[in-house]
Amino acid sequence: MSWVLSAFADEAGSSCEEQIKALQRAGFAHIDIRGIDGFSIVALPVDKAWEIRRKLDDAGITVNMFGSPIGKIDIADDFETDLKKLRHLGALIEPLGCRAVRLFSYYNKGKLPKDAWQAESMKRLGALRDEAKKLGLVLYHENERHIFGDLCVDVLKLAALRDGQSFKLIFDFDNYNQSGDDVWDNWLKLRDKTDAIHLKDSDKGNQHVPVGQGNGQVRKIMADAMARGWNGPLTLEPHLSHSKAVAATGPSGKANEQYATMSQADSFHVAAQTAKKLLAEVGAVVK
């Protein structure tokens with residue numbers, strides 16, 4: 001058994017060429033495209049996508065997932081904007097050879113009651129799942145700070161949407177740590193419902209650190225995943241330096257001052273090598 005190992009390479013550089021160079025340097029053959037050549041993935045022109053595909057093919061790199069911002073708006077915002085973004089991703093299936101879409105589950109800036117927040121989030125995610133089925137896309141929900149699917153108790157509610165086909169769940173160590181949840185306890189509750197993993201870590205002060213060096217219980221969880229025969233894609237999302245790509249995500253954690261003097265490409269490489277070393281130590285084979 002081997003795991004697909006991908007990365008948000010926009011944390012190494014904004015251009016397609018910079019991202020390819022960083023992935024090749026780190027020995028990665030897969031990419032999660034979030035931002036590239038000045039475009040968010042949900043606004044990437046189709047002709048530009050074909051151009052990027054040719055460059056990725058020449059480099060031997062395939063697209064693992066679209067790192068979309070869908071669901072990172074308020075529950076009072078116009079839902080049609082997210083549907084339009086999803087439909088655009090449907091148009092990128094052929095040029096980029098990818099069907100997987102990362103998404104979120106909505107802010108509640110107006111502080112509506114929790115049950116109203118849940119109902120609207122579930123309604124929107126259900127509609128997105130239905131649209132994804134029509135488009136041939138697969139949605140992957142990421143637990144994230146301040147959205148409905150932030151804490152484990154609410155991610156478990158979102159698991160009701162999980163159908164093994166068009167709606168799946170991502171486990172992000174760092175975001176659970178920053179939310180104050182017990183990351184290991186969350187894994188025990190969610191490991192049978194986890195379809196993908198984001199490799200990101202932070203310490204007790206919420207400063208981002210290479211995976212395995214923080215409070216995310218990464219080594220223990222990945223060892224357990226190996227022992228249980230878990231299978232799914234892994235995506236490196238370092239956040240060690242708050243590059244333009246990271247800043248655009250509205251990160252909750254702190255950039256690591258230790259890497260402030262490094263280039264984005266170099267800090268990304270440190271994160272990549274640390275992640276690969278940890279995975280090798282728990283016996284994982286990645287491709």
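Me: So helices (H or I, at least four residues) and strands (E, at least two) are DSSP runs, numbered from the N terminus. What follows α5?

Reply: Gly136 comes after α5, and its phi is positive, near 85 degrees. This is a predicted model, where local features need pLDDT of at least 70, side-chain atom pairs count only at pLDDT 80 or more, and totals for chains, interfaces and linings use all residues. Residues are numbered from 1 along each chain as its sequence is written, and side-chain values use heavy atoms, leaving out hydrogens and water.

Me: Which residues of α5 are buried?

Reply: Among them are Trp117, Ser121, Leu125 and Leu128. Buried means under 20% relative accessible area, with a 1.4 Å probe and protein chains only.

Me: What covers them?

Reply: The cover includes the helices α3 (80–91) and α6 (152–158). Strands β6 (100–103), β7 (138–142) and β8 (167–172) are also part of it.

Me: Now the whole chain. How many helices and strands?

Reply: The protein chain has 11 helices and 12 strands. Its radius of gyration, taken over C-alpha atoms, is 18 Å, close to the 19 Å from the globule rule for 287 residues, so the chain is as compact as a globular protein of that length. That rule is 2.2 Å times the number of residues to the power 0.38.

Me: And what share of the chain is buried?

Reply: Buried residues make up 56% of the 287.

Conventions. Buried < 20%, exposed > 50% of the residue type's maximum accessible area, 1.4 Å probe, protein only. Contact = heavy atoms within 4.5 Å.
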